[in-house]
Amino acid sequence: MKQQTPLTITGGRLVTPDGVREGALRLVDGRIEAIGSEAQDGDEIVDASGRLVAPGLVDLGVFAIDKPAFHFGGITRAALMPDQSPPLDLPSRVSYIAKSGKPDFWVHPLAAATRGLEGREIAELGLMRAAGARGVATGRQWIADSGAMLRLLQYAAMLDLVVVAHAEDAALVGSAVATAGEIATRRGLPSALAEAEAIALTRDIALAEMARARIHFRQVTTRAGLDIVRQAKARGLPVTCGVTPAHFMLSDLATVDFRTFARLSPPLRSEDDRHAVREAIVDGTIDVIASGHDPRGPEDKRLPFADAEPGMAGAETLLAMTLSLVRDEVIDMTRAFALVATAPAHILGVDAGAIAVGLEADIAIVDPDQPWVIQSARMEATAGNTPFDGQPTQGRVKTLFKGGVRIHH
């Protein structure tokens, strides 16, 4: 699937790293050739009048690849977590995954940090990097053994691979399904202190500094945790962090009726923490908004809250939820696409995620005002377990291009 003829998108508002501007966008041989220039003879013309022309989204840290759901949400690339069956702890598995979505979707595998994701023996990172791994991840779990974590960070630093870490002290969390506080107490749910996140962050940042490694915390969801990341950044450490829309849209109040679609990992936090996440998106402490896409069928969700598996189908709602921050005047449009495209592409080291000359022509034409209602039963994902079920929202992808080739109308 290769772009056959040059294509010029006209009439739209281009979301560039320098701001939103009027102009045309010319795509040639799968790359962005020119911004603001006129179409040339023989170009295919796509009229984007009244719409945004934005980079395709880069989703950092998903647990499953649902191509229709990703295409619906304007996502053209995703970094797949190693928590697969079997785990991505061998070069052959990484190589298979790296080829799996092409040509119309690119999957960037994250190598398992340890064999079997058991947190003990470091996996063959060098061979997996050669096989196509774009980073290394601890998976859903925290590596409790500090010696193993330090060795992992040292090895990753030597290979210039980012380490994607889960920030919750496992011994403090145990089998908890909620954040300790009034809601969990009233509902009788097994809960863990929110400080489990801050403690994990403190240790991992200290080890990453010793190893001179790049570390990305997939989700930081508490005020205390975000303060720790903020301080590390102020000291110039190569620390980045992300969050999913659930943690800036919802608090633990969403669990009061025991709806298991709100059973997430890390669990929903207090209202104060939710506000802290929004503040951290504004001031740049949070680098990435990702979907955390983890579809779970009825066999995992139609259970008592404490027994249900965590996770949400997030790919289809990622863009709309992020655009809600623009509508609420929390951030501007440029910052929105930096969070869902530019920053994740930069962390993974891929030539995409922005409207800039020379980058891959992964482009989404978006109607930011189109209203729609999120309905779990009608989602494209293999399961529709969204905590936003029934919520009216705005913002839909109208056309999607991967490498200059149209893949979604």
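**Exercise 1. Which residues does Ile 281 touch, not counting residues up to four places away in sequence?**

Solution. Start from Ile 281 and list its contacts, meaning heavy atoms within 4.5 Å. Ile 281 touches Val 243, Phe 248, Ile 286, Ile 289, Leu 325, Ile 331, Arg 335 and Leu 339. Residues up to four places away in sequence are not counted.

A word on the source. This is a predicted model, where local features need pLDDT of at least 70, side-chain atom pairs count only at pLDDT 80 or more, and totals for chains, interfaces and linings use all residues. Residues are numbered from 1 along each chain as its sequence is written, and side-chain values use heavy atoms, with hydrogens and water left out.

**Exercise 2. Find the largest nonpolar core and say how many residues it has.**

Solution. A nonpolar core is a set of buried Ala, Val, Leu, Ile, Met, Phe, Trp, Tyr and Cys residues joined through side-chain atoms within 4.5 Å. Buried means under 20% relative accessible area, exposed over 50%, and partly exposed in between (1.4 Å probe, protein chains only).

Step two: count. The largest nonpolar core has 79 residues. Phe 217 and Ile 281 have the most contacts inside it. Helix H4 (residues 146-159) gives the largest share of this core, seven residues. Helices (H or I, at least four residues) and strands (E, at least two) are DSSP runs, numbered from the N terminus.

Step three: look elsewhere. Another core, of 15 residues, lies apart from the largest one. Leu 60, Phe 63, Ala 137 and Val 350 are among its residues.

**Exercise 3. Is Cys 241 buried or exposed?**

Solution. Locate the residue first: Cys 241 lies in strand E16 (residues 239-243). Its relative accessibility is 0%, so Cys 241 counts as buried. Next, check its surroundings. Cys 241 touches residues including His 216, Phe 217, Leu 226 and Ile 286. Cys 241 and Gln 219 are 22 residues apart in sequence and 6.4 Å apart in space, C-alpha to C-alpha.

**Exercise 4. How many aromatic pairs does a search of the whole structure find?**

Solution. Rings of Phe, Tyr and Trp (its six-membered ring) pair if their centres lie within 6.5 Å; planes under 30 degrees apart count as stacked, over 60 as edge-to-face and the rest as tilted. The search finds two pairs. Take Phe 72 and Trp 372: their ring centres are 5.4 Å apart and their planes stand at 70°, so this pair is edge-to-face. Phe 72 lies in helix H1 (residues 67-72) and Trp 372 in strand E18 (residues 363-373), so the pair ties together parts that are 300 residues apart in sequence. Both Phe 72 and Trp 372 are buried.

Now look for charges. A charge sits over a ring if NZ of Lys or CZ of Arg is within 6 Å of the ring centre and within 35 degrees of the ring normal. The charged end of Arg 396 sits over the ring of Trp 372, 5.1 Å from its centre. Arg 140 lies over the face of Phe 63, 4.1 Å from the ring centre.

**Exercise 5. In what sense do strand E2 and strand E3 pair?**

Solution. Two strands pair if DSSP finds at least two bridges between them. Strand E2 (residues 13-16) and strand E3 (residues 19-22) are antiparallel, with four bridges. Leu 14 stands opposite Arg 21 in E3. A hairpin of two residues joins E2 to E3. E2 also pairs with strand E7 (residues 52-55), in the parallel sense over two bridges. There, Arg 13 has Leu 52 of E7 as its bridge partner.
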